[in-house]
Amino acid sequence: MDLGLTDAKVIVTGGASHIGRAIVLQLAREGAEVVIIDRDEAQARRTAEAATVGGRHPARVIPADVGTRDAAEHACAEAIGQLGGVDVLVSNVGYNHPEFFLRTDPSTWDDLLAVNLTAVMACTRAVLPSMIEQSHGAIVATASTAAFGEQRQSVYAAAKAGVVAFMRTIALEYGRSGVRANMVAPGLTLPEDPATLGDESLWRNREAIMNDAQVEYVVRNTPLRRLPKAEDIANAVAFLASDRVSRQITGQVVTVAGGFAMR
Ligand SMILES: NC(=O)c1ccc[n+]([C@@H]2O[C@H](COP(=O)([O-])OP(=O)(O)OC[C@H]3O[C@@H](n4cnc5c(N)ncnc54)[C@H](O)[C@@H]3O)[C@@H](O)[C@H]2O)c1
């Protein structure tokens with residue numbers, strides 16, 4: 001199916017590794033012109049090279065830490081300048097320290113909220129004026145099944161639930177200006193190839209995030225009895241990014257989790 005994303009101007013935050021990388025490659029294959037914003041410049045350049053090979057346009061990289069509001073807005077403004085506009089923002093940056101709440105050091109709260117929630121708000125603020133001016137635009141944020149409540153994820157879950165509420169509000173406020181705002185909520189998505197992970201990827205040390213028994217628990221409780229792959233998430237993002245196939249879809253969360261969560 002042609003998603004109509006040929007020559008679309010796209011920004012992907014956290015596009016260097018794993019899920020973000022799959023999103024970049026998928027959108028580049030659709031013919032989009034992509035800018036990756038990521039703090040891992042080396043891995044972002046490797047991903048941009050791969051995207052350029054499979055796409056119509058050279059993919060670009062803007063190295064930035066979107067964990068601070070100013071840096072996120074500045075990086076998005078630079079991306080819009082390089083692209084000469086913006087049709088699609090994929091706010092994909094996120095990170096997590098799974099742990100029970102009372103074992104979570106409060107000194108990590110601010111950073112978890114900044115990277116998972118404030119970065120989405122800052123990037124949205126940076127792209128909205130251009131999208132409103134041209135009367136179209138799609139914003140897709142990577143939420144998580146944790147947004148519906150999950151053990152060992154309290155602060156991350158709060159941030160991702162905040163992303164859902166924020167994006168729905170953006171859909172309500174700016175739909176009349178032609179802007180759609182949607183989310184993909186991945187379930188547990190393990191990387192299959194270490195080459196898809198840069199030094200900043202959470203999954204460089206998978207055992208610290210989730211041990212084998214915990215992975216088995218998720219698989220056992222997943223109706224399809226298999227975990228999503230990064231490409232499954234990227235397919236859903238591409239669908240929501242496309243005005244052609246999802247023109248009537250806004251304010252929605254598409255959960256890609258094999259049925260592990262059904263909201
Ligand atoms: N993998 C999963 O199981 C899973 C499940 C649910 C939701 N998610 C969400 O999907 C998104 C992608 O996760 P992933 O598993 O690919 O993670 P990952 O750690 O493999 O990749 C995250 C990317 O973001 C970049 N990044 C991290 N913090 C940054 C910052 N402050 N500024 C700029 N770049 C930064 C990293 O360099 C990396 O390229 C995140 O929002 C995550 O919360 C992942």
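**View 1. Polar contacts between the ligand and the protein.** In this predicted model, a polar backbone atom of Gly94 is found 3.4 Å from an oxygen atom of the ligand. Two side chains can be inspected in the same way. An N or O atom in the side chain of Lys160 is 2.9 Å from an oxygen atom of the ligand, and for Trp203 the distance from a polar side-chain atom to a ligand oxygen is 2.7 Å. On its own the ligand has 830 Å² of accessible area, and the protein covers 96% of it.

**View 2. The shell around the ligand.** The ligand sits in the largest pocket, with 29 residues surrounding it. Asp38, Tyr156, Thr189, Ser201 and Trp203 are the closest of these. By residue class, the shell holds 12 nonpolar, 11 polar and 6 charged residues. At least two shell residues come from helix H1 (18–29), and at least two from helix H5 (154–174).

**View 3. His18 in helix H1.** His18 belongs to helix H1, and its phi is near 45°, a positive value in a residue that is not glycine. Most residues other than glycine have a negative phi. Is His18 buried or exposed? With a relative accessibility of 8%, His18 counts as buried.

**View 4. Arg225 in the loop between helices H7 and H8.** Arg225 is not a glycine, yet its phi is about 55°. The residue lies in the loop that runs between helix H7 (212–220) and helix H8 (230–241). Arg225 counts as exposed because its relative accessible area, 53%, is over the 50% cut-off.

View 5. Val164 is buried, and its relative accessible area is 9%. Now look for Ala147. Along the chain, Val164 and Ala147 are 17 residues apart, while their C-alpha atoms are separated by 7.6 Å.

**View 6. Gly187 and Leu227.** Next comes a pair from separate parts of the sequence. Gly187 is placed in the loop between strand S6 (179–186) and helix H6 (206–209). How far apart are Gly187 and Leu227 in sequence and in space? They are 40 residues apart in sequence, and 7.5 Å separates them from C-alpha to C-alpha. Gly187 has 10% relative accessibility and so counts as buried, the limit being under 20%.

**View 7. Thr124 and the backbone of helix H4.** Thr124 is part of helix H4, which spans residues 109–134. Where does its side chain reach? The side chain of Thr124 reaches the backbone oxygen of Val120, at a distance of 2.7 Å. Thr124 itself is buried, and its relative accessible area is 1%.

**View 8. A side-chain contact between His57 and Asp7.** To finish, find His57 in the loop between helix H2 (41–54) and strand S3 (60–63). The side chains of His57 and Asp7 are joined by a polar contact of 2.7 Å. At 18% relative accessible area, His57 is buried because the value is under 20%.

Terms used. Residues numbered from 1 in each chain as written. Predicted model: local features only at pLDDT ≥ 70, side-chain atom pairs only at ≥ 80, totals over all residues. Heavy atoms only, no water. Near = heavy atom within 4 Å. Polar contact = N/O pair within 3.5 Å; in protein donor to acceptor, adjacent residues only side chain to side chain. Areas by Shrake-Rupley, 256 points an atom, 1.4 Å probe, with all protein chains shown as cover. 1 Å grid on protein atoms, 1.4 Å probe; cavity = no way out; pocket = protein on both sides within 12 Å on 5 of 7 lines; lining within 4 Å. Sits in = over half its atoms within 2 Å of the grid points. Helix = DSSP H or I, 4+ residues; strand = E, 2+ residues; numbered from the N terminus. Nonpolar A, V, L, I, M, F, W, Y, C, P; charged D, E, K, R; others polar. Buried < 20%, exposed > 50% of the residue type's maximum accessible area, 1.4 Å probe, protein only.
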